[in-house]
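I hope they are handy while you look through the model.

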Amino acid sequence: MLQKTSHYMRQANLIGGKWVQADSGVTIDVINPANGQKLGTVPKSGAAETRRAIEAADEAFQGWRKTSALERSKLLRKLHDAIMDNQDSLAELLTMEQGKALFEAKGEVAISAAYILWFAEEGRRTYGDVVPSPWADRRIIVTKQPVGVIAAITPWNFPSSMLARKIGPALAAGCTAVVKPASQTPYSGLAWGALCEEVGFPEGVVNIVTGSAGEIGDEICANPLVRKLTFTGSTEIGKILIQKCASTVKKVSMELGGNAPFLVFDDADIDRAVEGAIIAKYRNSGQTCVCTNRFFVQAGVYDTFVEKFAAATAKLKVGPGLEEGTTQGPLIDDKAVAKVEEFIDDAKSHGGKVVSGGKRHALGGSFFEPTVISGATPKMRFMKEEIFGPVAPVFKFDTEEEAVRLANDTEFGLACYFYTGDLGRAFRVMEGLKYGMVGVNEGLITTVEAPFGGVKESGLGKEGGHQGIEDYLDTKYVCIGGL
Ligand code: ADP
């Protein structure tokens, strides 16, 4: 382990500037998914610790809200630099708790830093308006102010960058934060506390609580001091949180599940489509909300695509994330593997054919072979359900209309991808797909400059882009009379 990795592996909550254990002293074990070994523990906190964290954030907000945008921007720039200075250690920590290949972990840390830098810049541009007044003796001014204390609940698949795009805009806007990282991957979340402390954010501006999701979540939703909840996770939990936040009418941002389609038309550049398919399917071993869930390929190129895609899939290297050359780390836990196996069995029982992979990897544990299934049909479970694993079902279609209809036949609407060489088709299909994000002849589209987010049951709100800071701001209208 790199020397700095253990420095950033904090096994305590950060509340009001103090690193503390749960009141009960009870802890949760954190397991390395590559070898099943215990990495360490984190506090199993509940409502009381969460309430204290919210109160600390509220107290810190009284001072933080008065700092200038430039001051906050300078601190965020320092945070960006600190992340990049420690990129190797933070990536090692991320791989140890999450499993992903080290090069992907390094990439995630770099994009985390990029989000912080982006919002350091955007925070200085939260302009208001001066509106022409209908009255000769009055003026209309519209300003933006931080919403107050925000809470962020994040998942295990991107434990660093999912927090970056919440903490970044929150701090830039002048909000303070209470963060609950996923229990499987808490250390990358807790490292944010250590980094913020080191670069000089005041105590209580960022608070981090680990532990019981239900208890922490309930306190966050019920506590009137929290003015916004930002959540990334499953649609199932997102719906519960939206309901619970109704009691205190909080702003909510929800980045929920996806069921991304990937369309390949007869006129596409097939090699480019295969290259895009590999990254859009197998990044993080298929465990991202924008990973392709369903491939739809037009009849004329179906066999060629399947053959080339299966050949490219077979070249991926499964192994522990820290091992040189690994492209595919383990799945997060055995439950995830069991789900993938169920999906494959279901596909086979409906006539699907495994053309690459198809079973647990010889390495054992939660390693799984990247898998391509041909002959997929809408009867199979992955037509409707998120796989969240390295399985690629390939459906066949005949017409453009049919492809768009199948792609839209889901309650989700996060990311989608399609490949075509026809400009008219590119516009028709792009406009027809009911998704928040579209990759045209591109399989990897996330970047800090663009608004990330879904429609339908994939969520509410945008992260990144100039839109990403809006949800952390309240608009205030001021009428000045008697001029
Ligand atoms: P995943 O399937 O990716 O684990 P979840 O939606 O279950 O997605 O989890 C995402 C995050 O939400 C995690 O931090 C998890 O601990 C948290 N979470 C799970 N259940 C609840 C809940 N009832 N209230 C608040 N947060 C929750």
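**Notes on helix packing, domains and the ligand shell**

1. Let me start with α5 and α6, which cross in a right-handed manner. (A crossing is left-handed if the near helix is turned anticlockwise from the far one by less than a right angle, and right-handed if clockwise; helices are DSSP runs of H or I with at least four residues, strands are runs of E with at least two, and both are numbered from the N terminus.) Please keep in mind that this is a predicted model, in which local features need pLDDT of at least 70 and side-chain atom pairs count only at pLDDT 80 or more, while totals for chains, interfaces and linings use all residues. Residue numbers run from 1 along each chain as its sequence is written.

2. How do the axes of α5 and α6 cross? Helix α5 (residues 102-122) and helix α6 (residues 161-173) have axes that come within 8 Å and cross at roughly 15°. (Axes are lines fitted to C-alpha atoms, for helices over the stretch in contact, and angles run from 0 to 180 degrees between N-to-C directions.) The pair is therefore roughly parallel. (That term covers angles under 35 degrees; over 145 is roughly antiparallel, 65 to 115 roughly perpendicular, and the rest oblique.)

3. On the α5 side, the residues that meet α6 include Ile-111, Tyr-115, Trp-118 and Phe-119; among their partners in α6 are Ala-164, Gly-168 and Pro-169. (Contact means C-beta atoms, placed from the backbone, within 7 Å.) By class, this contact holds nine nonpolar, three polar and three charged residues. (Ala, Val, Leu, Ile, Met, Phe, Trp, Tyr, Cys and Pro count as nonpolar, Asp, Glu, Lys and Arg as charged, and the others, Gly among them, as polar.)

4. Next, α3 and α7. The axes of helix α3 (residues 69-85) and helix α7 (residues 186-199) come within 9 Å and cross at roughly 125°, so α3 is oblique to α7. The crossing of α3 past α7 is right-handed. Leu-75, Lys-78, Leu-79, Ala-82 and Ile-83 of α3 make the contact with Leu-195, Cys-196, Glu-198 and Val-199 of α7. Seven of these residues are nonpolar, none polar and two charged.

5. Helix α2 (residues 47-64) packs on α8 at an angle of about 40°, with the axes 8 Å apart, which means that α2 is oblique to α8. Ala-47, Thr-50 and Arg-51 of α2 meet Glu-215, Ile-216, Asp-218, Glu-219 and Ile-220 of α8. This contact has three nonpolar, one polar and four charged residues.

6. Helix α8 also turns up around the ligand: α8 (213-222) and α9 (235-245) are the elements that give two or more residues to the shell. By class, the shell has eight nonpolar, six polar and one charged residues.

7. Lastly, the domains. The assignment gives domain 1 (13-256 + 458-477) and domain 2 (260-440); such bounds come from an automatic or database domain assignment. Contacts link 14 residues of domain 1 with 20 residues of domain 2. Helix α5 supplies the largest share of the domain 1 side, three residues. That side divides into six nonpolar, six polar and two charged residues.

Terms used:
Two residues are in contact if their C-beta atoms, placed from the backbone, lie within 7 Å.
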